[in-house]
Amino acid sequence: MALNITTLEEVLGMCICMTCPSWVNCGEKGGYCAAAIGKSTCIHEEKGCLCRSCPAFKNAGLKHTGFCTKGSENEQLKM
Ligand code: SF4
Ligand code: SF4
């Protein structure tokens with residue numbers, strides 16, 4: 001992933017997953033696009049994805065979406 005942002009903390013700070021219709025609150029913090037996090041353990045159904053509006057998405061030049069159910073950017077790049 002062509003990351004301009006460097007730390008997971010920064011990704012988590014920008015993440016807007018908790019405002020997404022797909023969000024399920026099970027104590028996770030979002031940041032599913034990051035390789036260190038990847039798929040959610042509790043979100044199983046995508047009901048819309050806000051990732052394209054997220055600052056981290058633009059900042060990192062991400063191409064994929066739906067990271068919570070499909071896996072991190074790196075995982076999806078391998079598909
Ligand atoms: S791109 Fe999506 S998963 Fe990644 S930080 Fe933003 S809202 Fe969260
Ligand atoms: S990764 Fe996308 S679909 Fe999943 S919770 Fe975050 S914004 Fe919603």
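Gly-31 counts as buried, because 22 C-beta neighbours sit inside 10 Å. The cut-off for burial is 20 or more. Keep in mind that this is a predicted model. Where is Gly-31 along the chain? In the loop between α1 and α2. Leave out neighbours within four places in sequence, and Gly-31 is in contact with Leu-8, Val-11, Leu-12, Cys-15 and Ile-37. Then look at Phe-67. Gly-31 and Phe-67 are 36 residues apart in sequence, yet their C-alpha atoms are 8.4 Å apart in space.

Now two residues on helices. Asn-59 lies in helix α2. Buried or partly exposed? Asn-59 has 14 C-beta neighbours inside 10 Å, so Asn-59 counts as partly exposed. Glu-10 has its place in helix α1. Glu-10 has 18 such neighbours inside 10 Å, and therefore counts as partly exposed too.

Asn-59 and Lys-47 are twelve residues apart along the chain, with 24 Å separating their C-alpha atoms. Glu-10 and Trp-23 are 13 residues apart along the chain, and there the C-alpha separation is 20 Å.

Next, the overall fold. We have four helices and zero strands. From the N terminus the order is α-α-α-α. The radius of gyration is 11 Å, close to the 12 Å that the globule rule gives for 79 residues, so the protein is as compact as a globular protein of that length. The C-alpha trace spans about 30 × 30 × 20 Å along its principal axes. How many of the residues count as buried? Of the 79, 29% do. And on contacts: take those with a separation of 6 or more, and 57% of them join residues 24 or more positions apart.

On to the core. Nonpolar side chains tend to be buried together in soluble globular proteins. Here, the largest nonpolar core has 18 residues. Which residues have the most contacts inside this core? Tyr-32, Cys-33, Cys-51, Ala-56 and Phe-57. Helices α2 and α3, the latter covering 67-70, each supply at least two residues of this core. α2 gives the most, with three residues.

Stay with Tyr-32 for a moment. Set aside residues up to four places away in sequence. Tyr-32 then touches Cys-17, Ile-37, Gly-38, Lys-39, Ser-40, Phe-67, Cys-68 and Ser-72.

Now the ligands. Ligand 1 is surrounded by 16 residues. The closest are Cys-15, Cys-33, Cys-51, Cys-54 and Ala-56. Three of those names have come up already: Cys-33, Cys-51 and Ala-56 are among the residues with the most contacts inside the core. Which helices supply at least two residues each to the shell around ligand 1? α1, residues 8-14, and α2, residues 55-60. By class, that shell has 14 nonpolar residues, two polar and no charged.

Ligand 2 has 14 residues around it. Cys-17, Cys-20, Ser-22, Cys-49 and Cys-68 come nearest. Two of them, Cys-17 and Cys-68, are also among the residues that Tyr-32 touches. How does the shell around ligand 2 divide by class? Ten nonpolar, three polar and one charged.

Back to the start, to close. Gly-31 is a buried residue in the loop between α1 and α2, and Cys-15, one of its contacts, is among the residues closest to ligand 1.

Note on methods:
Residues are numbered from 1 along each chain as its sequence is written. Chains are lettered from A and ligands numbered from 1 in the order in which they are written. This is a predicted model: local features need pLDDT of at least 70, side-chain atom pairs count only at pLDDT 80 or more; totals for chains, interfaces and linings use all residues. The radius of gyration is taken over C-alpha atoms; the globule rule is 2.2 Å times the number of residues to the power 0.38. A residue is buried if 20 or more other C-beta atoms lie within 10 Å of its own, exposed if 12 or fewer, and partly exposed in between; C-beta atoms are placed from the backbone. Two residues are in contact if their C-beta atoms, placed from the backbone, lie within 7 Å. A residue is near a molecule or strand if its C-beta atom, placed from the backbone, lies within 6 Å of it. Ala, Val, Leu, Ile, Met, Phe, Trp, Tyr, Cys and Pro count as nonpolar, Asp, Glu, Lys and Arg as charged, and the others, Gly among them, as polar. A nonpolar core is a set of buried Ala, Val, Leu, Ile, Met, Phe, Trp, Tyr and Cys residues joined through C-beta atoms within 7 Å.
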